[in-house]
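Biologist: I'd like to learn how to read a model like this one, feature by feature. Can we start with how a pair of helices is described?

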Amino acid sequence: MTNRIGIAGISGRMGRLLAEEAAAAAQLTGGTSRSGAAPGDAPLYPDLNALAAESDVVIDFTHASTVAAHAAALAGAKTPWVLGSTGYGADDQAAIEAAARIIPIIAAPNFCTGVNLLLILAEKLAATLPPARYDAEVLEMHHRQKVDAPSGTALALGRAVAAGRGVKLEDVIASGRHGHTGPRRDGEIGFATLRGGQIVGSHTLSFTAGDEQISLTHHALDRRVFAAGAVRAALWLQNQKPGLYTMRDFLAL
């Protein structure tokens, strides 16, 4: 295995960081770019099919709108896929699952080790604290350019809480962005979304009762933490069988 890593969307902010981390840890194949530009002297490929044919694994932090097409292209090339895009829907998820029958895929809303440890703690706390006593609320803030809200990581925290409580997040979500208004009901999981400046990513999960509050907080100070985690996951993924993996699988948590 030559560890040739291709980067979808190599000219974007994350794409450039991914390229730097890939070049430092393995061999950077190059990437694709809608702008027709690539950082430094990185080779630029006309499309994902061409990039996949020359790569041992492709890292993709592009956009939710590309997920289904990228799933088909990477499955066709039999190239493992590290997917960091968020905000995609049920049809895209189905495309990912279909591709995972052919290639190994690791899909995660956040490739930071600290966040994934937070998810485990969130599930354990939720399983212990009675939902009728402890209101679960997720507060997240990101840079003003971020499109999806709540963020993928915020939703992952909500799903961890729901899993700990033995329910589905879709049945208990409480968010103004999902049309929810009125007082909080027992067992609901609330979300608050803030946007501004160039905040990389800040997430806080709080369990609040009438007499105490327990909070878990993670602040990402540099986008490079996501890029470094994704590259490590890419090197691991090449040795896996076809299937859909998570960061918990990678970190053996």
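This is a predicted model: local features need pLDDT of at least 70, side-chain atom pairs count only at pLDDT 80 or more; totals for chains, interfaces and linings use all residues.

Biologist: Then at what angle do the axes of α3 and α4 cross?

Modeller: The axes cross at roughly 10 degrees and come within 8 Å. α3 and α4 are therefore roughly parallel to each other.

Biologist: Which residues of α3 and α4 meet?

Modeller: From α3 you have V67, A68, A71 and A75, and they meet D92, A95, I96 and A99 of α4. Sorted by class, that contact has 7 nonpolar residues, no polar ones and 1 charged.

Biologist: On to the sheet. What is the order of the strands in the open sheet?

Modeller: The order reads β2-β1-β3-β4-β5-β11, which makes 6 strands with parallel pairing. From one strand to the next, the twist averages 20 degrees.

Biologist: Let me look at one pair. Over how many bridges do β1 and β3 pair?

Modeller: There are 4 bridges between β1 (residues 4-8) and β3 (residues 57-60), in the parallel sense.

Biologist: Now pockets. What shows where empty space is left?

Modeller: The idea is to roll a probe the size of a water molecule over the atoms. In this model, the largest pocket holds about 1200 Å³ of space. Its lining counts 43 residues, and M14, F61, T62, H63 and S85 lie nearest its centre. Two or more lining residues come from each of α1 (13-25), α2 (48-53), α3 (67-77) and α6 (152-165). α1 gives the largest share, 4 residues.

Biologist: How much space lies in the second largest pocket?

Modeller: About 910 Å³. Its lining has 32 residues, with A107, P109, G152, A156 and R159 nearest the centre. At least two lining residues come from each of α4 (90-99), α5 (113-128), α6, β11 (243-245) and α9 (247-251). The largest share here is the 6 residues from α6.

Biologist: How do the linings split by class, starting with the largest pocket?

Modeller: The largest pocket's lining has 13 nonpolar, 24 polar and 6 charged residues. For the second largest pocket, the lining has 18 nonpolar, 10 polar and 4 charged residues.

Biologist: Last topic, the backbone. What should I expect of phi and of peptide bonds?

Modeller: Most residues other than glycine have a negative phi, and most peptide bonds are trans. Now look at K78, in the loop between α3 and β4. Phi of K78 is near 60 degrees, a positive value in a residue other than glycine.

Biologist: And is the peptide bond from A149 to P150 cis or trans?

Modeller: That bond is cis, with omega near -10 degrees. You'll find P150 in the loop between β6 (135-142) and α6.

Terms used
Residues are numbered from 1 along each chain as its sequence is written. Side-chain values use heavy atoms; hydrogens and water are left out. On a 1 Å grid over the protein atoms alone, a cavity is a set of points where a 1.4 Å probe fits but cannot get out, and a pocket is an open set with protein on both sides within 12 Å along at least five of seven lines; lining residues have an atom within 4 Å of a point. Grid points are joined across faces, edges and corners, and a volume is the space filled by probe spheres set on the points. Ala, Val, Leu, Ile, Met, Phe, Trp, Tyr, Cys and Pro count as nonpolar, Asp, Glu, Lys and Arg as charged, and the others, Gly among them, as polar. Axes are lines fitted to C-alpha atoms, for helices over the stretch in contact, and angles run from 0 to 180 degrees between N-to-C directions. Angles under 35 degrees count as roughly parallel, over 145 as roughly antiparallel, 65 to 115 as roughly perpendicular and the rest as oblique. Contact means heavy atoms within 4.5 Å. Two strands pair if DSSP finds at least two bridges between them.
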